[in-house]
Amino acid sequence: MKVVFLDIKASYSELKNELDAAYQRVANSGWYILGEEVEAFETEFATYCGAKHCIGVGNGLDALHLILRAYGIGTGDEVIVPANTYIATWLAVSHTGATPVPVEPNEQTYNIDATVIEAAITKQTKAIMPVHLYGQPADMEPILEIARHYNLKVIEDAAQAHGATYKGKRTGSLGDAAGFSFYPGKNLGALGDGGAVVTNDDALAEKVRVLRNYGSKVKYHNETQGFNSRLDPLQAAFLRVKLKYLDTWNKRRQKIAQQYQEGLADTPGIILPFVPEWAEPVWHLFVIRSQRRDELQQKLGDANISTMIHYPIPPHLQPAYANMKKGNFPISEAIHREILSLPMFPQLAPPEIEQVISSVLNVF
């Protein structure tokens, strides 16, 4: 039996009738940029996150970038970011002209280590951007405490954490603002690109609405040099359908993660994900760690099990940041050498999970 890493089409098949109806609704409306469909999704997703505002944008990178722009962060400023993350977190900072300042992760959770943030703060620091990596929230309380002390903004990169909770509060409502991605493989994924800014900050929300639409509130009247980054009404319609099933699908992911945790418990040679008591992750990814990662991936491939590495090269070692002054990040580099993502999506069947487990155990 072949076990795929991610079957996006399975999500479409499960909701085919509702998604097809959403398409027909938008196609028949004759309104294809912003409008009621986008506004409805924005209201529904803001409510879901427990926040006042949601502003739909083109993608997750744009969401983070526009938050930074709206806060006036740019050339000469610094933003503290995790060394262990997808490069989009860093790119959002770089696109403003500001400098990403990486710090190491906590080796248990792989999320930003709050205990090393303060040492990275300078007079140029304007914000901290924690990432809720793999669908598990970062430890936000100490981050927020540091931010308040130094008068810094806290911008959540929640691209992988739709519905995850930290001490009972959903991601997107924990910092000053949050950027979400609706890339098709996300827990809440569109049938194309999409993203959103979520915030309780009225002024920020207004600025992002203007920035996403050419810097304009009124057509052909441009208040600032804005961008073209608008959530498509068709994608908004698809997301409205999927949002109704997000909690159900996240619970399925949690059951899959539990089956992996139980089946692979105490296996020598691998480290399983660690979940702090204050976190309820949504398991965008199930990531194990092994010093024999490459061998394990090869043997799982031989057994018709597809896996991925999130991510093989940390941002500070990417050619894109070859000229950036940076320190040493041995924890991040070790993580990137050793992590492996096992198959994870809501429609993954128990026999498929068992096959993955048995195949991993056959290696160790």
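A network of salt bridges links Arg-25, Glu-37, Glu-44 and Arg-240. A salt bridge is counted here when a side-chain nitrogen of Lys or Arg lies within 4 Å of a carboxyl oxygen of Asp or Glu; by this rule there are 17 salt bridges. The model is predicted, so local features need pLDDT of at least 70 and side-chain atom pairs count only at pLDDT 80 or more, whereas totals for chains, interfaces and linings use all residues. Residues are numbered from 1 along each chain as its sequence is written, and side-chain values use heavy atoms, with hydrogens and water left out.

**Terms for elements and exposure**

- Helices (H or I, at least four residues) and strands (E, at least two) are DSSP runs, numbered from the N terminus.
- A residue is buried under 20% relative accessible area, exposed over 50% and partly exposed in between, with a 1.4 Å probe and protein chains only.

- Side chains of opposite charge can pair when their charged atoms come close.
- Glu-44 and Arg-240 form a salt bridge through their side chains, at 2.8 Å from N to O. Because Glu-44 belongs to helix H3 (residues 36-49) and Arg-240 to helix H8 (residues 233-243), the pair ties together parts that are 196 residues apart in sequence.
- Glu-44 is partly exposed, at a relative accessible area of 30%, and Arg-240 is partly exposed at 23%.
- A salt bridge also joins the side chains of Asp-77 and Lys-126, at 3.3 Å from N to O. This pair links distant parts of the chain, 49 residues apart: Asp-77 is in the loop between helix H4 (60-70) and strand E2 (78-82), and Lys-126 is in strand E4 (residues 125-128).
- Asp-77 counts as buried at 12% relative accessibility, while Lys-126 is partly exposed, with a relative accessible area of 32%.
- The side chains of Glu-206 and Lys-217 meet in a further salt bridge, at 3.4 Å from N to O. Here Glu-206 lies in helix H7 (residues 202-212) and Lys-217 in strand E10 (residues 216-218), 11 residues apart.
- Glu-206 is partly exposed, with a relative accessible area of 33%.

**The sheet**

- An open sheet with mixed pairing is formed by seven strands, in the order E1-E9-E8-E5-E4-E2-E3; two strands pair if DSSP finds at least two bridges between them.
- E1 and strand E3 (99-103) are at the edges, and each has a single partner strand, so one side of each is left without a neighbour in the sheet.
- From one strand to the next, the twist averages 25 degrees.
- Strand E5 (residues 153-157) pairs with strand E8 (residues 177-181) in the parallel sense over three bridges. Ile-155 has Ala-177 in E8 as its bridge partner.

**Strand E1**

- Five of the five residues of strand E1 (residues 53-57) are buried, so E1 is largely enclosed by the rest of the structure.
- Both faces of E1 are covered, with His-53, Ile-55 and Val-57 buried on one side and Cys-54 and Gly-56 buried on the other.
- E1 runs antiparallel to strand E9 (residues 195-199), joined by five bridges. Cys-54 stands opposite Val-198 in E9.

- Axes are lines fitted to C-alpha atoms, for helices over the stretch in contact, and angles run from 0 to 180 degrees between N-to-C directions.
- H7 lies across E1, E8 and E9 and runs at about 15 degrees to E1.

Terms used: Contact means heavy atoms within 4.5 Å.
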